[in-house]
Amino acid sequence: MDPLKKKFQEKSEALKVELKALLKEHGGRKVDEVKLSQIFGGARGIKTMVWETSQLDPIEGIRFRGYSIPQLRELLPKGPDGKEPLPEGLFWLMLVGEVPTPEQVTWLTKQWTQRSNVPEHVYSVLDALPADTHPMTQFVVAINAMQTGSVFARRYEEMGKSEYWDATYEDTMNLIARLPRVAAYIYRRTYYNGDHIQPDISLDWAANFAHMLGISNPEFMNLMRLYLTIHADHEGGNASAHTVHLIGSTLSDPYLAFAGGMNSLAGPLHGLANQEVIKWIFKMLDALGTKNPSKEQIAEYVNGTLQAGRVIPGYGHAVLRRPDPRFMAQKRFAEDYIKDDDIVQVVWKIFDVVPPILEGLGKVKNPWPNVDAHSGALLVHYGMDQYSFYTVLFGVSRALGVLANGCWSRALGFPLERPKSVTSNWVKEWLKENQ
Ligand code: CMX
């Protein structure tokens, strides 16, 4: 058995035993109360699931296994120039709860390289789609097409419940290994006439992805290392993670579960916001006729967007109540590498202008930027201005968290998820009976 899988087996078996005892003793304890407004309000804040890989604090933001993004930048093994963390390290941390050594990360990079061959039929399926199909649609189609190789689906007939984690681990490792290849294939067929670039197996997971996209600039490789690390997980209740969790609970295999999550990420209130942000910025610059708008001009444009009944993309969050540390991590990257870039400057001015305007509306719970407010400016700087691809990048990263967590869900034997719904009539009757 490989060393990561062995570690996972030991840790998950121990936790399973511990949880069984814990639930036997405390299973009847109350951890939450549900208000009517939460039932109608998208279940905000209701504690309904266990998610091992990360937890979100409204003020501090995301912590992966207890570590904040700035801490992880110090602790995780980095790329060859020692600047940005390797996403492989974060996956290791999320899966087994330990910060890996550089040797362990090198082992993982090699594992993913060895597992990265994408079956030919997946490329044929993609090639059958019109070239202008949205990249997220192509991504979901490709993930579903890869499901033919699911170890979980193949072994389901003969394996017992205690082996689900093993097959889930195999699918998780294979799927993560293959996603950059599939994503790069989609990028090159959509924007570069199918002029594909072969992988460079001497590179780490993120740098090889940058290489296959066709942007081999070492700074862009560093951006990909950071980007694929910070987008990886945001606890379990966000729409894409929750979708993967829900589908996985039916014992659909990790490919089908992850494809479902990606359909959810493709919504403009969720992952698609990264394309919406840059689209909105380009439109604004076009409308204002300048690359260097004043804060007053930006404020006027923001007010126009709001008056048209539209949201300001990249701002607000269902849980966060401060600037997103993932936004701040990208701002730090821009300060280190490209602080004079025009679009970066515009993003920073928007950061000054938008929060007071949203606060002034009196209804927005979080007026601060989220992860999607900054990423487009960084990508455009390095030549990736095809914004309809941006959510695919987010999706490749998100695989790390949601699939690592899927291993835990199967290892801990979590059941089919099945919350209760009620009708409006039920609510009215309940109110009559509970005056
Ligand atoms: N611009 C304008 N209005 C906003 C707003 C924004 N950025 N964010 C919230 N609001 C509005 C809501 O639309 C809602 O208005 P109504 O009551 O008229 O419907 C009101 O403020 C209250 O909303 P909220 O409780 O503060 O926010 P929600 O938890 O309902 O929604 C989110 C969160 C992210 C969907 C919302 O802030 C939004 O639409 N933001 C813009 C899209 C975006 O950036 N999404 C990316 C999120 C991160 C990610 O998943 O990738």
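**Entry 1: α5 and α9**

I looked up how helices α5 and α9 lie in this predicted model, and they are roughly perpendicular to each other (65 to 115 degrees; angles run from 0 to 180 degrees between N-to-C directions). Their axes, lines fitted to C-alpha atoms over the stretch in contact, come within 8 Å and cross at roughly 80°. I noted α5 as residues 102-114 and α9 as residues 164-191; helices here are DSSP runs of H or I with at least four residues, numbered from the N terminus.

I then listed the contact (heavy atoms within 4.5 Å). Trp107, Leu108, Gln111 and Trp112 come from α5, and Tyr169, Met173, Ile176 and Ala177 come from α9. I sorted these residues into 7 nonpolar, 1 polar and no charged. Nonpolar covers Ala, Val, Leu, Ile, Met, Phe, Trp, Tyr, Cys and Pro, charged covers Asp, Glu, Lys and Arg, and the others, Gly among them, are polar.

**Entry 2: α1 and α9**

I turned to helix α1 (residues 3-26), whose axis comes within 11 Å of that of α9 and crosses it at roughly 140°. The two are therefore oblique, the class left after under 35 degrees (roughly parallel), over 145 (roughly antiparallel) and 65 to 115 (roughly perpendicular). I recorded the crossing as right-handed, with the near helix turned clockwise from the far one by less than a right angle. On α1 the contact uses Leu4, Lys5, Phe8 and Gln9, and on α9 it uses Trp165, Asp166, Tyr169, Glu170 and Met173. I counted 5 nonpolar, 1 polar and 3 charged residues there.

**Entry 3: α13 and α19**

I checked helix α13 (residues 254-265) against helix α19 (residues 390-411); their axes come within 10 Å and cross at roughly 135°. α13 and α19 are therefore oblique to each other, and the crossing is right-handed. From α13, Pro254, Phe258, Met262 and Leu265 meet Thr391, Phe394, Gly395, Arg398, Ala399, Val402 and Leu403 of α19. By class I have 8 nonpolar, 2 polar and 1 charged.

**Entry 4: the ligand**

I found 21 residues around the ligand, the closest being His270, Gly314, Tyr315, Lys363 and Asp372; a residue counts if one of its heavy atoms lies within 4 Å. A backbone N or O atom of Leu269 lies 2.9 Å from a ligand nitrogen, and I read 2.9 Å to a ligand nitrogen for a backbone N or O atom of Ile312. For Gly314, a backbone N or O atom is 2.8 Å from an oxygen atom of the ligand.

**Bookkeeping**

I numbered residues from 1 along each chain as its sequence is written, and side-chain values use heavy atoms, without hydrogens and water. Local features need pLDDT of at least 70 and side-chain atom pairs count only at pLDDT 80 or more, while totals for chains, interfaces and linings use all residues.

Note on methods
Polar contact = N/O pair within 3.5 Å; in protein donor to acceptor, adjacent residues only side chain to side chain.
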